[in-house]
Amino acid sequence: MSAPVPSGLGREVVLTLSGPDRRGIVHTVTGEMVGLDLNILDSQQFGDPSTGEFHLRMHLGGDDPIEREALEAARTRLSRQLGADVHIHDPHEPHRLLIMVSRQGHVLNDLLFRVRTGQLNVVVPAVVSNHEDFREEVEWHGIPFHHVPVTRQTKPAAEARLREIIAAERVETVALARYMQVLSQDMCADFPGRVINIHHSLLPSFKGARPYSQAHDRGVKVIGATAHYVTADLDEGPIIEQDFRRVDHRMTPEQLARTGQELEAMAFARALRWHVERRVVLRGRRTIVFD
């Protein structure tokens with residue numbers, strides 16, 4: 001039910017909890033944390049009336065390094081007493097993020113810049129692409145680049161190679177930064193809540209090639225982007241973040257596309273940051289996002 005506390009905890013931790021709603025949850029959690037001489041730096045909670053569940057994210061800190069064994073014991077007591085999933089994370093431990101890309105580089109470029117400048121607390125151990133277009137750029141950043149071509153015939157072998165990379169690099173999350181290949185149902189099922197995609201929000205009305213030209217021809221008034229967890233239902237996974245902008249008749253298809261790319265990059269970066277910071281609670285087909 002619950003994940004073990006990671007080693008090497010410093011002076012801060014993030015505690016997340018999801019379980020049946022009942023009286024006294026916050027009081028119980030706070031009591032355990034006070035007993036460890038920890039102070040609440042930030043706390044957010046949500047009692048979901050539609051499911052009867054309670055969700056909590058608490059950021060805690062202390063004056064001294066936190067004793068791992070004592071914290072694990074407290075986590076175990078909370079999980080048993082409240083019948084809840086309780087996880088504890090070190091917020092300063094970099095998240096291991098694998099990026100996948102095809103031939104559109106705007107989201108990749110944005111992510112690499114944010115990683116390089118410390119705006120995302122992640123380590124990118126590798127970039128995987130079904131094309132060679134961005135090898136030079138990725139390797140300039142000092143990141144290994146893996147070319148894994150995909151055809152209908154080679155898809156099983158390509159996904160087997162992808163699984164090898166994920167395992168070898170101890171990847172926690174896969175970011176599909178405009179990766180234009182559909183993952184198999186088995187791949188989606190084996191990595192639930194660990195693969196995040198970004199696409200324009202003109203779907204499902206404008207599918208296929210040149211969606212912004214199609215949108216221009218129809219005179220759309222709003223364009224946007226959607227970041228979501230990947231499931232076997234194509235582009236219909238639980239939504240983490242969306243962004244949009246109003247547009248009008250003066251914009252050309254090229255201007256619409258540039259605006260859409262900006263929105264994709266921004267929405268994806270926010271979704272990944274929230275995911276890495278354990279602000280996203282995934283429950284079935286929906287998410288709860290603590291800001």
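The lining of the largest cavity in this predicted model is made up of 9 nonpolar, 1 polar and 2 charged residues. That cavity holds about 80 Å³ of space, and the structure has 1 cavity of 30 Å³ or more.

**The cavity**

- Rolling a probe the size of a water molecule over the atoms shows where empty space is left.
- Which residues line the largest cavity? They are Met-100, Val-128, Val-148, Val-150, Lys-155, Ala-158, Glu-159, Leu-162, Tyr-179, Gln-181, Val-182 and Leu-183.
- Helix α5, which covers residues 155-168, provides the largest share of this lining, with 4 residues.

**The nonpolar cores**

- In soluble globular proteins, nonpolar side chains tend to be buried together.
- The largest nonpolar core here has 41 residues, and those touching the most other members are Ile-99, Leu-108, Leu-111, Val-127, Val-138, Ile-223 and Phe-268.
- Several elements each supply at least two residues of this core: strands β5 (95-101), β10 (195-200) and β11 (222-229), along with helices α3 (106-116), α7 (211-218) and α8 (253-276).
- Which element gives the most to this core? Look for α8, with 9 residues.

**A strand covered on both faces**

- In a regular strand the side chains alternate between the two faces of the sheet.
- Strand β9 (residues 173-176) has Thr-173 and Ala-175 on one side, with Val-174 and Leu-176 on the other, and these residues are all buried.
- β9 runs parallel to β5, and 4 bridges join the two strands.
- Within that pairing, Ala-175 of β9 is the bridge partner of Ile-99.
- β9 also pairs with β10 in the parallel sense, over 3 bridges.
- Here Val-174 has Val-195 of β10 as its bridge partner.

- β13 contributes the largest share, 4 residues.
- By class, the lining of this pocket has 7 nonpolar, 8 polar and 5 charged residues.

- Is His-228 buried or exposed? His-228 lies in strand β11, and it counts as buried because its relative accessibility is 2%, where buried means under 20%.
- Apart from neighbours within four places in sequence, His-228 is in contact with Val-195, Ile-196, Asn-197, His-199, Asp-235, Glu-236, Gly-237, Pro-238, Ile-239 and Ile-240.
- Arg-80 sits in helix α2 (residues 68-82), and it counts as exposed because its relative accessibility is 71%, where exposed means over 50%.
- Arg-80 and Leu-38 are 42 residues apart in sequence, and their C-alpha atoms are 21 Å apart in space.

Conventions. Residues numbered from 1 in each chain as written. Predicted model: local features only at pLDDT ≥ 70, side-chain atom pairs only at ≥ 80, totals over all residues. Heavy atoms only, no water. 1 Å grid on protein atoms, 1.4 Å probe; cavity = no way out; pocket = protein on both sides within 12 Å on 5 of 7 lines; lining within 4 Å. Points joined across faces, edges and corners; volume = space filled by probe spheres on them. Nonpolar A, V, L, I, M, F, W, Y, C, P; charged D, E, K, R; others polar. Core = buried A, V, L, I, M, F, W, Y, C linked by side-chain atoms within 4.5 Å. Buried < 20%, exposed > 50% of the residue type's maximum accessible area, 1.4 Å probe, protein only. Pairing = 2+ DSSP bridges. Contact = heavy atoms within 4.5 Å.
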